[in-house]
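Me: Could we go through this structure together? I would like to discuss some details of it.

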Amino acid sequence: MALPVEEWRRYAARRWAALEPVLRERLAAASLHDTLRLGCGLLRPEAAAVLRRLCRRTPAGKEPAAARFYREEGNRLFGRRHYGTAVRLYSQAASHEPPGSPEVSVCFANRSAALFHLRCFEVCLEDIARAESHGYPDRLLPKVLLRKAECLLCLGRLQDAADALSVVENKIAMDGIMTSPTHQTVLKKLSQLKIKIHEKESCPEPAQETCGDIQRKSENWEENDSISGASSSLSLNFDTERGRHLVASQDILPGQSLLKEEAFVSVLCPGESHLLQDSSETVWDTRVTNADLYCHRCLRQLLASVPCRGCSYAKYCSQSCADMAWEQYHRTECSLGALLLTLGVFCHVALRTVLLAGFAEVSRLVKRSHDDDKDLHNPEARCKHLGEAPDTRAGTRSIPGCNDNGQYQSSYQAVFNLLPHAEKHSPEHKFLCMLSVVAICKQLQEAGLEAAVLNQESSEKWSKPKTCEKTWGELSPELKTMAEAMLRHMLQLQCNAQAITVMQESGSGDSAVVNKKPMRLATAFFPVLSLLNHSCCPNISVSFSGTAATVRASQPIPSGQEIFHCYGPHRCRMRVAERQQLLSQYFFKCRCQACLDELESDVKSVVSMRNSFCCPSCRAPVQGEEMLCCSNEACAISVSRESLSRRLRDLQQQIKKALELLRDRKADQAIKMLLKCQMDAGNFLSPGHLLMGEMEDHLAQVYATLGKWQEAARHLERSIEIVEMHHGPSSVEMGHELFKLAQILFNGFAVSEALSTIQRAEEILSVHCGPQSTQIQELQEMKTCLSELPRSILQRT
Ligand SMILES: [Zn+2]
Ligand SMILES: [Zn+2]
Ligand SMILES: [Zn+2]
Ligand SMILES: [Zn+2]
C-alpha cells in the first residue's frame, strides 16, 4: 500500500532490466537531480497506457450507477432499521452524486432520517440544512422540515422548533389542499408535534447540569527554545555514529510529555481497494474502508461526511475541512485520485508535501541542495558536511535542518533535510520511484494543473481538467524541480514515514465491551519526531489525536540518556533475527541493549522463551532446533518443529472460524469452538504462549456479548496474566487489557473490583496516552457513574 501496486512495480523492474548496461550504471551512481534528468525521457507512452489500465481498477470519480446502487442499499438497510449502516451507505451515495443536484440533496435528506433514529440530532440538523441548500425537491420538503422541528424539540430548543413548525404550516397552506397519503401523515405528525411542544413549554424539564467539565490539571510543559514542539528537558545532539538525536537534559519522569507535534503532511491510507479485478461489469463494494470512516484531511472520525465536489474518494468531516483541503492541495490532487491510489501512499505523501510547501520554497531548497552537492566534490568544503561533528561553538546552528538561528522547526526545511539515503537504496527502487514521480508530474501537466501546482494561486475558477490529447512530452523545468523534490521525499519515506495509528473497534462493534486494536490510519512526516533513533526497548510512547502526535516518557529517563522510539520491531514481539531483518530497510544495524544481549550467546529473547512449544506427551518444556526433545528425561519424546508449527497454524485457523461465528452472533457455538481450541493448545503450547492469552481474551469477549460478566472477567484476568508476562506490568498493552476488564466489571456491577481496576488502568494509560485521552476520559466517566449508584444496587454485589 505504501508502494505502487504490484503490476506497476513489475513493469518498472522490466524496464530497468531492459536498459542499456551503461545507462543502468550511470543511473545507479547519479544524484537525484541527474536521476531525473536521465530518467525523464524513459517514461514512454506505453507506460502511460499501463498506468491508465491499472487506474481503471480504482475508480475515484463520480459514478451515477454507484450512487444509485448505494442509495438503494441504504434504503434497504434503513427499512431493516440498520441505521448506522444506512448512514454510511447514504454517504457513499452522496459522494458519487454531482454537487447541487436534487439527487445529492435526497442522499442528505435520507441520511438525516437515519441520523435522527440514531439520536444524533445536531448532525441530523446539519444534513437537513445540506439537503435544503443542495435544492431538495419542494414537494418533499414538508417531511424534512417536520424532522427538523422534531430534532429541535429533542434538543430542547422549543422556540426554534415552533418556528420550524410554522414554516411547515405556511408551506402547506400555500401549496393548497393535499390529498396524498404522505401529506396526510405530514399533517398528523404536525399536530402531534404541536402538542408536544406545548407540553414541554408548560412543564419545563430541570436544566441539565453542566457536568463533566472538571478542570483537568494542566500538564507541566515548558517548550524548548531551539526545537519546536519539544519539551525544555530535551536537547538536540549530533554525532557521526548516531546522526541527529534527542537527549534528556534533565531527569524525566514516566508520563511526562516530551514532544507535541502536528504532522507536516499526512495522507489517509485508503485501505483495501474496491475493485480488485479488471472486470467489465462493475460490482460496487459495500465494505467500509478508512476513506469512509475518517476525514480525508484531519483524520477525525466521520459520522455524516461531506463529499468532495469533484471526486468520490475524498470525504470530509465538515465543509470547512473540505474547503481547506481544496485550497491547500486537493484542487491539484482531485482529478488524480485513481493514479495516486495506483502509485501508493508514499507517492501521495511526496506530492502533498511539495504542494503544501509551495513551489517557491521547494525550488529554493532544491537549488541549495545542488550547491551542497557541488561542495561535496570540493575536498575543502567536504568536511563541513560529512564526518566531523559540528563546531560546538556554533551550537545547533550547524546541525542539518536547523535554521540560521540554530532552531529546529517542524517546517519544510526540516522535512527536506531528513536523510534520503539516496546512495543506499537499490538502483531498481530508485528507478521505480523516479518513474512513478515522473508519471504524476506528466499527468499534472496533461491535465492543465501546472499553474495550480506552481503558483498555488486561489483558483475558484476550477474547471474540469482539459482532456486535450497533448503528447507525452517533456516536463517543464519547474515541474522537474517539483519532481526532484518528490523523488527525494519518496526515498526519505522509507526511513522517516511515521504511521499515525488509532485504536479501532474490531468485531461486531455493538457489544458492551469494546475490543479495540491499534490500526494504521495514515502515513505522515513528523520532522521533529523523526529526530528520534530506534531501540527495540524504547523509553517513550507515542499517541495520536487527529494529525497530532504526543510523545511521553514511558519510564524514568535520567539526564544524559538518549530518547528512543521504536520503529516497529519491539523486543516483546519479535526475536532479534526478525527485528534485524525488518530494521535493514532503515539502513542500520540495531545496537540497542536488547539486541546486544540477545545476539550475545545464550541470552534468549522474551519472545522465544514465552512463545515456545511444550512436550505433547508430558507437557514439559522442549529443547532443540529442528527436532525438539522433551526436557523430562523419563519421557524422552522427540518431535519435529515442523509438525508442531503445522498444528499451530491449524489452531489459528480454528480460532479465526470461532471469531467468525461470534460475528454472526452464534455466541454459543463460538464458545464451544474456543474451548476446544484451548484444550488442543494446552497439549503442545507452553502455558505462557501469547496465543493462550489471546484465546482467553476472545472467550472474555464472547461471554461479554452474552452479558455473562463474571465468566468474562475470569477469562480476561487470565489473558492479563499472559500479557503482563510478555509486555511487562506497566506496558500500554497491559493498559488496554485492564481497560477492557474495567468495562466488564463495570457492566457486571462489581463495584469495588471495577474501581480498583479503573485505578490501575488509569495509572498505566495516562503514562502512555496522557490524561486527556479518550480512554482515560471513559474510565473517569465509569468511576463517576459507579460513585453515583444508589446504595440498593451496591448492596446487591
Ligand atoms: Zn476534517
Ligand atoms: Zn476530490
Ligand atoms: Zn534492537
Ligand atoms: Zn515429555
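Predicted model: local features only at pLDDT ≥ 70, side-chain atom pairs only at ≥ 80, totals over all residues.

Me: Which residues coordinate the zinc ion (ligand 1)?
Reply: The SG atoms of C295, C298, C317 and C321 coordinate the zinc ion (ligand 1), at 2.3 Å.

Me: And what is the arrangement of those four donor atoms?
Reply: It is tetrahedral, because the angles subtended around the zinc ion (ligand 1) are 107 to 115 degrees.

Me: What spacing do the donors follow along the chain?
Reply: The spacing is C-x2-C-x18-C-x3-C. C295, in the loop between α12 and β5, and C321, in helix α13, are 26 residues apart, and the pair links distant parts of the chain.

Me: Turning to the zinc ion (ligand 2), what are its protein donors?
Reply: They are C308 (SG), C311 (SG), H330 (NE2) and C334 (SG), at 2.0 to 2.4 Å. The donor angles of 104 to 116 degrees make this arrangement tetrahedral. In sequence, the donor residues are spaced C-x2-C-x18-H-x3-C. C311 is in the loop between β5 and β6 and C334 in the loop between α13 and α14, so the pair ties together parts 23 residues apart in sequence.

Me: Changing topic, at what angle do α25 and α26 pack?
Reply: Helix α25 (residues 641–663) and helix α26 (residues 667–682) pack at about 165 degrees, and their axes are 8 Å apart. That angle makes α25 roughly antiparallel to α26. Their crossing is left-handed.

Me: Which residues meet there?
Reply: Among them are L651, I655 and L662 in α25, and M673, L674 and C677 in α26. The contact comprises 10 nonpolar, two polar and three charged residues.

Key. Residues numbered from 1 in each chain as written. Chains lettered and ligands numbered in written order. Heavy atoms only, no water. Axes fitted to C-alpha atoms, helices over the stretch in contact; angles between N-to-C directions. Helix = DSSP H or I, 4+ residues; strand = E, 2+ residues; numbered from the N terminus. Parallel < 35°, antiparallel > 145°, perpendicular 65-115°, else oblique. Left-handed = near helix turned anticlockwise from the far one by under 90°. Contact = heavy atoms within 4.5 Å. Nonpolar A, V, L, I, M, F, W, Y, C, P; charged D, E, K, R; others polar. Donors = N, O, S within 2.8 Å, 3.2 Å for Na, K, Ca; no water. Tetrahedral: all angles 85-135°; square planar, octahedral: opposite > 155°, others 65-115°.
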